[in-house]
Amino acid sequence: MSDTTKYAVFGAGSWATAIVKMLCENLEEVGWYMRSVYAKEHILKEQHNPSYLSSVEFKTEQLKLSNDINDIADWADVLIFVIPSAFIHGELEKLTTDISKKTIVSAVKGIMPETGKLVGEHFHDEYNIPFENIAVIAGPCHAEEVALERLSYLTIACDDKKKAQAIANNLSSDYIKTKTSDDVIGIEYAVMLKNIYAIAAGMAHGLGYGDNFQSVLMSNSIREMKRFIKKMHKMKRNINNSAYLGDLLVTGYSVFSRNRMFGNMIGKGYTVKSAQMEMNMVAEGYYATKSAFELNKKNKKKTQLPIINAVYDILYEGKDAKKVFQKLVDKLD
């Protein structure tokens, strides 16, 4: 990719806002698609997102803002999608411009619920994007800490190492350290799974379990993640790297983690619907739980996933969280 490569972000939430901020550190102009006309007009007038990371100020002359997804998709060469997995299918249905020659970057922390496919697989199958033109962004990196310019780390995975490095360079700054990887599928699954385990961690906290149990839960989570990813995509990887274990830990423990917050509310007795309404944010792990459970169910040789199964039973089968965790604790070591 050349120095004139145009980047655009699709989505208007906190992670999308954080990624726009990162790109603005390095690029003269950044495309930004958002569905909300109000959000767009507010940013143009007040220089900040009205609903997410409102402390981040933008130079509006750096932004190419639009409520037309085709306008931004046609303009940019690198399309970074940060739309929640539950809504991305509906947004993509608006696309009429040809994106087959574009580079697609998924910063979506989930799987396509309509198809059970990874976001990258969906773009390959539906939009004829070659796999070498598909990349994934992983943490550990909370949007809130990007807003505060606290030191954070990103991993960019792509089959094309030069593309991965180019994307990494344009996201790097003195407070964002980047590295690259070729484990696109494994990292995309890890980004999805860590949100489920963060919900489990939140549930445990809400139920009154302490730090000792949390550490056991997290150590079992990374081993469960390793089994799941190995079943779905076998290749040599170090599950202890930051894109896997690091991202899992920050999502499971951080006060900024919306998935942990969601789980904490469920543990305290909230219903799924009431927790979602009170948060007013999307907890990707809710949708990921069903996707992971169903993907494992389709396998002839099922992987042992006691934590994912426990979260599924609570969220989708309506089982009592206290009783489910009482059974789960005997399955952990």
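Modeller: A salt bridge is counted here when a side-chain nitrogen of Lys or Arg lies within 4 Å of a carboxyl oxygen of Asp or Glu. The model is predicted, so local features need pLDDT of at least 70 and side-chain atom pairs pLDDT 80 or more, while totals for chains, interfaces and linings use all residues. Residues are numbered from 1 along each chain as its sequence is written, and side-chain values use heavy atoms, with hydrogens and water left out.

By this rule there are 11 salt bridges, and Lys21, Glu25 and Glu149 are joined in a network of them. Lys21 is buried, at 12% relative accessible area, whereas Glu25, at 38%, is partly exposed; buried means under 20%, exposed over 50% and partly exposed in between, with a 1.4 Å probe and protein chains only.

Another salt bridge joins Asp183 and Arg237, at 2.6 Å from N to O. Asp183 sits in the loop between strand 10 (176-181) and helix 8 (184-207), and Arg237 in the loop between helix 9 (211-232) and helix 10 (242-253), so the pair ties together parts that are 54 residues apart in sequence. Helices (H or I, at least four residues) and strands (E, at least two) are DSSP runs numbered from the N terminus. Both Asp183 and Arg237 are buried.

Turning to the interior, a nonpolar core is a set of buried Ala, Val, Leu, Ile, Met, Phe, Trp, Tyr and Cys residues joined through side-chain atoms within 4.5 Å. The largest such core has 53 residues, of which Leu193, Leu217, Met225, Phe262 and Leu315 touch the most other members. Helix 8 supplies the largest share of this core, 14 residues. Apart from it lies another core of 42 residues, including Val20, Leu23, Ile80 and Ile137.

Met225 shows how such a residue is surrounded: leaving aside neighbours within four places in sequence, Met225 is in contact (heavy atoms within 4.5 Å) with Ala190, Leu193, Lys194, Tyr197, Ile239, Tyr244 and Leu248.
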